[in-house]
Amino acid sequence: MRLVLADKLGQIILSFLERLGGMMILLYSVILCHFSGKFRFRVLIEQIARIGVESQPVILITGAFTGAVLEAQMLFQLQTMHMESMGGAVVGVAMFRELGPVITGLMLAGRVGSAMAAEIGTMKVTEQVDALKSMNVNPVDYLVKPRIHAMLISSPILMMEAALIGILSAYFVSITSFEVDQAYWVHFMEKFVALGDVYVSIIKSIAFGLIIALISCSEGLRTKDGAVGVGQSTMRAMVYSSVALLIANFMLTMILNNLFPVGFMK
């Protein structure tokens, strides 16, 4: 029994190291393509439209209701201490530092990451990737690099939209459902939400975008076994991206809180 468990654990560790090494090699290849590859403006715009523009509805809805429910829960507790006007400050800091980047990343992992893995995986099993190689076109330069660029451009913009719509929703919930004085609400939010919070959110969103794009493209390029393999790659891309995002969020929170403490650059 112990030998079986040890064998399974060893297989899991080796699989993890193999995938991690594959993603590092892919990232290195993308960096090389910046210097030797071809800049495809049209492909980049198409990917920005797919990732950024088409993701806006789900990001805005998720951000709005996240901010609204967070404000409601905060005010339920703050009412007992007669500190309802502090709700805006709490929601503002939370949306910028944590919830905005995380919910944006999770939505992109589910919607965009899985689509990337499915699209590239389908091309892999139908030998379109091999066809690109036969035409002397680097698949990393043509398929992976534009998607990573588009994700790095789109994710901070989507994150800011999610954070701002969440704060706006919290504002409407506080003044309509809880009758909080709007002047005090805005005053305390401006007092406690600093420029450092925005810096943290932007850094996190860029890191999350890179993680999602790398994992999704890597899983797509590893696809095999036909339609079944495409489904498995899509599932793995979404799950691995979400888990990696949450782990990276904790690590970045611990690091960035020292670089940009709450109230930094007020």
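Which side chain meets that of Glu 219 in a salt bridge? In this predicted model, in which local features need pLDDT of at least 70, side-chain atom pairs count only at pLDDT 80 or more, and totals for chains, interfaces and linings use all residues, the partner is Arg 236, at 3.1 Å from N to O. Residues are numbered from 1 along each chain as its sequence is written, and side-chain values use heavy atoms, with hydrogens and water left out.

A salt bridge is taken as a side-chain nitrogen of Lys or Arg within 4 Å of a carboxyl oxygen of Asp or Glu, and by this rule the count comes to 11. The pair of Glu 219 in helix 8 and Arg 236 in helix 9 links distant parts of the chain, 17 residues apart; helices are DSSP runs (H or I, at least four residues) numbered from the N terminus. Both residues are buried, where buried means under 20% relative accessible area, exposed over 50%, and partly exposed in between (1.4 Å probe, protein chains only). Through shared partners, salt bridges join Arg 19, Glu 219 and Arg 236 into one network.

A salt bridge is also formed by the side chains of Lys 204 and Glu 98, at 3.0 Å from N to O. Because Lys 204 lies in helix 8 and Glu 98 in helix 4 (residues 87–125), this pair ties together parts that are 106 residues apart in sequence. Lys 204 is buried, with a relative accessible area of 0%, whereas Glu 98 is partly exposed at 26%. In the salt bridge of Lys 145 with Asp 141, the closest N and O atoms are 2.8 Å apart, and these residues, being four apart in helix 6, are separated by about one helical turn. Lys 145 is buried at 6% relative accessible area, and Asp 141 counts as buried at 5%.

The largest pocket has a volume of about 650 Å³. A pocket is defined on a 1 Å grid over the protein atoms alone as an open set of points, where a 1.4 Å probe fits, with protein on both sides within 12 Å along at least five of seven lines, and lining residues have an atom within 4 Å of a point; the volume is the space filled by probe spheres set on the points, which are joined across faces, edges and corners. Of its 22 lining residues, Phe 16, Leu 20, Met 23, Ile 215 and Ala 244 are the closest to the centre of the largest pocket, and the elements giving two or more residues to this lining are helix 1 (2–36), helix 8 and helix 9. The second largest pocket has a volume of about 170 Å³, and the largest share of its lining, five residues, comes from helix 1.

Two loop residues have a positive phi. Most residues other than glycine have a negative phi. Asn 136, with phi near 65°, is found in the loop between helix 5 (128–134) and helix 6 (139–176), and is exposed, with a relative accessible area of 73%. Asp 225, with phi of about 70°, is found in the loop between helix 8 (195–221) and helix 9, and is likewise exposed, at 61%. Elsewhere, Cys 33 in helix 1 is buried at 4% relative accessible area, and its C-alpha atom is separated by 8.8 Å from that of Asn 138, 105 residues apart along the chain.
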